[in-house]
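Work through the exercises below with the sequence and the coordinates open. Each task is followed by a stepwise solution.

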Amino acid sequence: MQKRYVGLLAVVAATACLAVAGTLGGWYLADRTASGPADPTTSGPVAATTAAAATGGLSTGSPASGSGPSPSQPAARTYPLDQSVYRQSGLTVTLVSAEVTGGKLRLNLTYRNGSPVAWPVSCPTAEVDRTSSRIVLSDGRSVRPESTWCTETRPDESFSIAPGERVESWGLFPVAPETGSSFELTWYDFPALDVRLR
């Protein structure tokens with residue numbers, strides 16, 4: 001009888017720890033205290049995009065594109081990246097790929113909940129969202145996103161990613177780094193990530 005209670009207590013304690021980790025991880029998605037200029041283009045401490053999209057396949061949003069490549073605009077390219085942005089207690093954020101189209105850079109990320117409890121996440125207001133993340137190009141320029149999944153779909157909303165589900169996110173920047181070049185991505189409160197387009 002006593003063994004049964006000890007086992008039950010261990011399960012309850014483990015679930016409580018995962019719930020705390022899920023809550024902390026959720027706040028990393030969108031820093032509501034970020035501040036800075038509202039201009040989503042180049043300059044200053046920059047921002048990328050943030051998001052958490054619906055469960056299942058890729059989100060339906062696509063980057064803006066021109067009528068076709070010109071001498072100054074190379075053809076569209078997709079770069080598989082598969083870089084870990086965050087990983088803790090079954091909660092992961094992965095930079096899946098980068099797309100360069102029409103002189104713009106779209107970063108695609110996936111949030112996965114591999115824990116047994118819901119992962120609470122939130123999107124800030126559109127103004128805060130555009131100043132919460134950034135990319136820093138190899139020449140030192142900081143660039144903010146011009147749009148993100150959050151600004152287009154769920155500004156100023158909180159929601160949860162259920163156990164076993166994934167959410168697709170993206171950020172669109174008004175610059176297109178050249179193939180072979182690198183840049184630094186800061187995605188909300190997550191640690192900065194070095195990214196190279198190959």
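The exercises cover salt bridges, the disulfide and the sheet of this predicted model.

**Exercise 1.** Classify Asp 139, Arg 141, Glu 168 and Arg 166 as buried, partly exposed or exposed.

Solution. 
1. The cut-offs are under 20% relative accessible area for buried and over 50% for exposed, with partly exposed in between.
2. Asp 139 and Arg 141 form a salt bridge whose closest N and O atoms are 2.9 Å apart.
3. Asp 139, at 51%, is exposed, and Arg 141, at 41%, is partly exposed.
4. Glu 168 and Arg 166 meet through their side chains in a salt bridge of 3.0 Å, N to O.
5. Glu 168, at 4%, is buried, whereas Arg 166, at 31%, is partly exposed.

**Exercise 2.** Locate the disulfide and determine whether it is left-handed or right-handed.

Solution. 
1. The structure has one disulfide.
2. Its partners are Cys 123 and Cys 150, with sulfur atoms 1.9 Å apart.
3. Cys 123 is in the loop between strand 4 (119-122) and helix 2 (126-129), and Cys 150 is in helix 3 (residues 149-153), so this pair ties together parts 27 residues apart in sequence.
4. The torsion about the S-S bond of Cys 123 and Cys 150 is about -65°, so the disulfide is left-handed.
5. Both Cys 123 and Cys 150 are buried.

**Exercise 3.** Give the strand order of the five-stranded open sheet, name its edge strands, and find the bridge partner of Asn 108 in strand 9.

Solution. 
1. The strand order is 1-2-3-9-7, with antiparallel pairing.
2. Strand 1 (77-88) and strand 7 are the edge strands, since each pairs on one side only.
3. Strand 3 and strand 9 (residues 166-173) run antiparallel and are joined by eight bridges.
4. Asn 108 has Trp 170 as its bridge partner in strand 9.

Notes
Residues numbered from 1 in each chain as written. Predicted model: local features only at pLDDT ≥ 70, side-chain atom pairs only at ≥ 80, totals over all residues. Heavy atoms only, no water. Salt bridge = Lys/Arg side-chain N within 4 Å of Asp/Glu carboxyl O. Buried < 20%, exposed > 50% of the residue type's maximum accessible area, 1.4 Å probe, protein only. Disulfide = S-S within 2.5 Å. Helix = DSSP H or I, 4+ residues; strand = E, 2+ residues; numbered from the N terminus. Pairing = 2+ DSSP bridges.
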